[in-house]
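The stops below are meant to be taken in order.

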Amino acid sequence: MRIITLTADEYLDKAKDKRKQWSDLCDGADMPMPDSLAAVVSDMENKANRLKALLEPDDPPLLDGRDIAILKELQPHDVAEPAEESQRLRELGVLERRCHIDQVFDTLTDKGEKALEFASHVERTVY
């Protein structure tokens with residue numbers, strides 16, 4: 001795990017250095033990178049993200065009844081309530097806060113959908 005983390009951090013550091021070098025080359029002006037350099041930087045960041053994703057567990061978190069109720073009641077383009085629960089569910093990775101023009105809303109992540117499917121399966125099995 002440590003090797004994966006160090007390698008991912010190294011890719012991110014290299015990408016950051018490339019961005020800084022470009023900025024220094026342009027005297028700090030906000031100039032877009034050439035496509036070839038942007039592709040290299042993006043590739044480094046993608047590699048780092050894929051490595052870090054290897055360390056994240058694939059198993060959805062176990063939700064309690066209150067969590068399940070909040071997620072089931074969540075309507076499209078709504079914010080999960082109460083705010084503390086919304087924050088906690090986002091930290092669990094089952095909700096994601098999105099912004100679209102002038103609207104802020106919560107939406108289920110893939111992990112959230114898996115967690116709800118698992119909870120539904122357990123509910124059918126137990127009862």
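The model is predicted: local features need pLDDT of at least 70, side-chain atom pairs count only at pLDDT 80 or more, and totals for chains, interfaces and linings use all residues. Residues are numbered from 1 along each chain as its sequence is written, and side-chain values use heavy atoms, with hydrogens and water left out.

Select helix 3, residues 65–73; helices are DSSP runs of H or I, at least four residues, numbered from the N terminus. Its buried residues are D67, I68, I70 and L71 (buried: under 20% relative accessible area; exposed: over 50%; partly exposed: in between; 1.4 Å probe, protein chains only). They lie on the same side of helix 3 because their arc around the axis is only 165 degrees, taken from the directions from the helix axis to the C-beta atoms. The face turned away carries the exposed G65, K72 and E73.

Next, show the largest nonpolar core, 12 residues including L63, I68, L89 and A119. A core joins buried Ala, Val, Leu, Ile, Met, Phe, Trp, Tyr and Cys residues through side-chain atoms within 4.5 Å. Helix 3 and helix 5 (110–126) each give two or more residues to this core.

Now select E45 and R19, whose side chains form a salt bridge at 3.1 Å, N to O (a Lys or Arg side-chain nitrogen within 4 Å of an Asp or Glu carboxyl oxygen). E45 is in helix 2 and R19 in helix 1, so the pair ties together parts 26 residues apart in sequence.

Finish at R97 and D106, a salt bridge of 2.6 Å, N to O. R97 is partly exposed at 35%, while D106 is buried at 2%.
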